[in-house]
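User: I would like to learn how to read a few features of a protein model. Please take them one at a time, with the general idea before the case.

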Amino acid sequence: MISVHLLLFLAFGGVAVAGAVNLLVQRHPINSALSLIAVMAALAGEYLLLGAEFVAALQVIVYAGAIMVLFVFVIMLLNAGEEERTSGSRVAILFGVPGMLLGSLLVAWVVLRHSGTEAVAVGALPGSPKTIGQMLFHEFLLPFEVTSILILIAIMGAVVLASKPTVAGSPPKKVND
Amino acid sequence: MVPLSYYLVLSGILFACGVAGFLIKRNIITIFMSIELMLNGVNLSFVAFAAHWKVLAGQIFVFFILVVAAAEAAVGLAIIIAIYRTRETLNVDQVNLLKL
């Protein structure tokens with residue numbers, strides 16, 4: 001007998017795997033980006049099944065929202081077209097696809113064979129924002145502050161890298177030339 | 001009730017798809033998206049282990065991975081814009097020289 005939980009797991013997992021495969025098959029980057037958004041939404045469903053409400057919300061807001069918007073924005077900014085196949089990519093397909101199948105089969109076999117396979121109950125762990133926040137600001141306070149510095153450095157790096165290059169010593173060019 | 005191993009298999013499949021995309025794809029933006037797919041696969045296994053052993057630290061780690069992924073996306077996409085500005089291509093096969 002199949003429980004509702006397993007059914008939901010299979011549905012979300014099927015969407016996630018289909019999106020991941022579609023990301024590989026599509027040649028236009030915007031299609032790949034949209035299928036990656038589908039993968040992330042399906043994973044948010046899996047997180048809800050595992051009782052991690054806060055992580056599920058973060059997944060939708062930060063990953064599917066902020067990060068993927070950045071990706072789509074850059075794809076449209078650079079006017080990226082379909083990628084062309086080269087000899088390097090043919091070799092990569094020749095070795096990559098069988099390697100991927102072999103690798104995932106091996107992982108699946110090992111995990112299914114050598115695990116206790118105890119079931120994970122729905123909402124076995126309260127992953128509410130309150131408990132997460134309490135842990136984040138007590139036990140993980142130092143890593144939290146370090147990540148804020150990391151974000152600051154990333155902001156400055158992104159601004160420096162994406163700004164127009166100027167020749168050293170010369171004044172920055174006018175915008176309208 | 002879903003066994004833990006099912007979640008791990010799903011996370012392994014997503015990670016393998018990410019690795020394959022990283023190797024097969026030639027568009028630098030799609031390669032970058034494959035890295036995000038790998039990070040997502042790892043996140044799923046973190047949350048599954050957290051729920052299995054009832055240790056909330058696993059979800060905190062997902063939070064930190066999310067922050068690192070956001071920082072990486074910002075810097076990486078800025079680098080992609082800089083590469084496109086100097087070379088006018090997004091194909092990694094044509095970006096094989098350190099100097100212009």
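User: Are α5(A) and α3(B) roughly parallel or roughly perpendicular to each other?

Analyst: Two packed helices are described by the angle between their axes and the distance between the axes. This is a predicted model. The axes of α5 (residues 129–138) of chain A and α3(B) cross at roughly 75 degrees and come within 10 Å. Angles of 65 to 115 degrees count as roughly perpendicular, and α5(A) and α3(B) are therefore roughly perpendicular to each other.

User: Which residues in α5(A) and α3(B) meet?

Analyst: From α5(A) come Ile132(A), Met135(A) and Leu136(A); they meet Ala57(B), Gln59(B), Ile60(B), Phe63(B) and Phe64(B) of α3(B). By class, the residues of this contact are seven nonpolar, one polar and no charged.

User: How many aromatic pairs does the structure hold?

Analyst: A pair of aromatic rings is described by the distance of the centres and the angle of the planes. Over all chains, the structure holds 10 aromatic pairs. In one of them, Phe137(A) and Phe144(A), the ring centres are 4.9 Å apart and the planes stand at 70 degrees, so the pair is edge-to-face. Phe137(A) is partly exposed at 45% relative accessible area, and Phe144(A) is also partly exposed, at 22%.

User: Why is the pair of Phe144(A) and Phe63(B) classed as stacked?

Analyst: Planes under 30 degrees apart count as stacked. The planes of Phe144(A) and Phe63(B) are at 15 degrees, with the centres 6.2 Å apart, so this pair meets that class. It joins two chains, because Phe144(A) lies in helix α6 (residues 141–162) of chain A and Phe63(B) in helix α3 (residues 57–87) of chain B. Phe63(B) has 14% relative accessibility and counts as buried.

User: Which residues do ring pairs link into a cluster?

Analyst: The cluster takes in Phe137(A), Phe140(A) and Phe144(A) from chain A, together with Phe46(B), Phe61(B), Phe63(B) and Phe64(B) from chain B.

User: Now backbone angles. What is phi of Lys54(B)?

Analyst: Most residues other than glycine have a negative phi, and most peptide bonds are trans. Lys54(B) is not a glycine, yet its phi is positive, near 55 degrees. Lys54(B) sits in the loop between α2 (28–53) and α3 of chain B and is exposed, with 52% relative accessibility.

User: Where does Glu88(B) lie, and is it buried or exposed?

Analyst: Glu88(B) is in the segment after α3 of chain B. Its relative accessible area is 63%, so Glu88(B) counts as exposed. Glu88(B), which is not a glycine, has a positive phi of about 60 degrees.

Technical notes
Residues numbered from 1 in each chain as written. Chains lettered and ligands numbered in written order. Predicted model: local features only at pLDDT ≥ 70, side-chain atom pairs only at ≥ 80, totals over all residues. Heavy atoms only, no water. Phe/Tyr/Trp six-rings, centres within 6.5 Å; stacked < 30°, edge-to-face > 60°. Buried < 20%, exposed > 50% of the residue type's maximum accessible area, 1.4 Å probe, protein only. Helix = DSSP H or I, 4+ residues; strand = E, 2+ residues; numbered from the N terminus. Axes fitted to C-alpha atoms, helices over the stretch in contact; angles between N-to-C directions. Parallel < 35°, antiparallel > 145°, perpendicular 65-115°, else oblique. Contact = heavy atoms within 4.5 Å. Nonpolar A, V, L, I, M, F, W, Y, C, P; charged D, E, K, R; others polar.
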